[in-house]
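Let us learn to read a protein model, one feature at a time. Please look at the sequence and the structure first.

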Amino acid sequence: MEKKIIGEQIKEARQELGISQAELARSLNLSRAAVSALEGGKTLSPTIETMANLSSILKKPVDFFYSEYTANLKVCTPITFRSFASARKRDNEQVSLVLKRFSMFLSFLIQKVRIATEDIQTRAKENTPETLISDEKIESYAKQMRDEFGLGDYPIINLIALMENHGIICFGYDLPETIDSVNVTFKDENDLKHPVIIYNNRLTYFRQRFTLAHELGHIILHSNWSKESYEQFHAKAEQQAHRFANAFMMPFSVFRDSVGYSNVKEAVRLKGYWRMSVAAIGRRMFEVGKLDRDHYKYFYIDLSKKGWRKEEPGDNAFPPEKPYYVTTAYDFAFEKNLITPMDIVRTFNLYPEEIIKYIGNDDRFVVVPNRSMQIKEATDDNI
């Protein structure tokens, strides 16, 4: 029986690259209506030439367009984006597809090995859009999480390792510049919850840390919100996540006692100790009462005059943190012969280069120069 093309696969591959229908049509030398028919499933048997061109332009093997993998995971919380106001619909589509692709790999992995998880989403049930909790309550939740994680009052040195040790899966990807991160919690077939944070690989060490703490705030504070409530009260949810991030990374009393002078110069000094940006430290000074509203305004005016709103001194003092959990889990599965590289290729019909972006383990794959689907199993001889 002749295989039929799956139009949605074409659409997703196009959106993943941020290409419009019109741009794809020009590249294929087809009309936009013809591309729309392909994506809509109205053209089920394109020509060999069209499929070869689709494969080349969209950077997917031909087999990708004739098959799809359904992740055995259900979204059980709102999907939260940390993005700039300038983020386009196209940017959001790209990130949503990265999240979908990662969920497919995670679902595949969970079927092979047991993934550790902790149910940390049930902390703030009283925080609803109708009865928003106070800043003081958010501070108490941040302290509670620090206590549960055994952090004391010291600065957090490796935030990603801390989060992954407690079942929050982190993943870095080259997202559009307008989006820092996306976060959602999945539930597997055993009703175990798996929080996932995908962050932008372009972030500096300091912005990455604030972004991760911000997403942790969403996990703690907004997991019980509906998608509709989150969208309606998005601005307030963002404010709460900001407050949680600062409170979690810089505990109230200890941070307040560490501040000598309430100015930008002091914030630069504290940046190396708390490993948070000057901007975040300035905000925290205001939150703990070291800056009143007028002086907080002057603090940011000073940042602007120095040209430090986008880039601060010492931003490159540390390399961004790296996640370990998914790569380690795949390594374990490979070593126990629970998964082979060929299993992954056959399941997802993706080039090894793309698989490696999601699971790491590049020593497991030997990519041939012509980018064909050929793949060798990793052995002691070819690793």
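Predicted model: local features only at pLDDT ≥ 70, side-chain atom pairs only at ≥ 80, totals over all residues.

Q: How is empty space found?
A: Rolling a probe the size of a water molecule over the atoms shows where empty space is left. On a 1 Å grid over the protein atoms alone, a cavity is a set of points where a 1.4 Å probe fits but cannot get out. A pocket is an open set with protein on both sides within 12 Å along at least five of seven lines. Lining residues have an atom within 4 Å of a point. Points are joined across faces, edges and corners, and a volume is the space filled by probe spheres set on them.

Q: How many cavities of 30 Å³ or more does the search find?
A: The search of the whole structure finds one. Helices (H or I, at least four residues) and strands (E, at least two) are DSSP runs, numbered from the N terminus.

Q: Which classes of residue line this cavity?
A: The lining has three nonpolar, seven polar and no charged residues. Here Ala, Val, Leu, Ile, Met, Phe, Trp, Tyr, Cys and Pro count as nonpolar, Asp, Glu, Lys and Arg as charged, and the others, Gly among them, as polar.

Q: What is the volume of the largest pocket, and which residues lie closest to its centre?
A: The largest pocket holds about 1400 Å³ of space. Of its 40 lining residues, Arg82, Arg207, Phe210, His242 and Ala279 are the closest to the centre. Helix H10 (234-249) gives the most to the lining, with eight residues. By class, the lining of this pocket has 13 nonpolar, eleven polar and 16 charged residues.

Q: What about the second largest pocket?
A: Its volume is about 390 Å³. It is lined by 19 residues, with Glu16, Leu17, Tyr173, Glu354 and Lys357 nearest its centre. Helix H17 (352-359) is one of the elements that give two or more residues. H17 provides the largest share, three residues.

Q: How do I read the length and the setting of helix H8?
A: The expected span of a helix is 1.5 Å times one less than its number of residues. H8 has 18 residues and reaches 25 Å from its first C-alpha to its last, close to the expected 26 Å. Buried means under 20% relative accessible area, exposed over 50%, and partly exposed in between (1.4 Å probe, protein chains only). In H8, 17 of the 18 residues are buried, so the helix is largely enclosed by the rest of the structure.

Q: Is H13 mostly enclosed or open, and what covers its buried residues?
A: Eight of the ten residues of H13 are buried, so H13 is largely enclosed by the rest of the structure. Among them are Val278, Ile281, Met285 and Phe286. The cover includes H6, H8, H10 and H14, where contact means heavy atoms within 4.5 Å.

Q: What is a nonpolar core?
A: In soluble globular proteins, nonpolar side chains tend to be buried together. A nonpolar core is a set of buried Ala, Val, Leu, Ile, Met, Phe, Trp, Tyr and Cys residues joined through side-chain atoms within 4.5 Å. The largest core here has 55 residues, and those touching the most other members include Phe65, Phe102 and Ile344. H5 gives the most to this core, with ten residues. Apart from it lies another core of 50 residues, among them Ile197 and Leu270.

Q: Which residues have a positive phi?
A: Most residues other than glycine have a negative phi. Lysine 59 has a positive phi of about 60°. Lysine 59 is partly exposed, at 48% relative accessible area. Asparagine 361 also has a positive phi, near 55°. Asparagine 361 is buried, at 7%.

Note on methods. Residues numbered from 1 in each chain as written. Heavy atoms only, no water.
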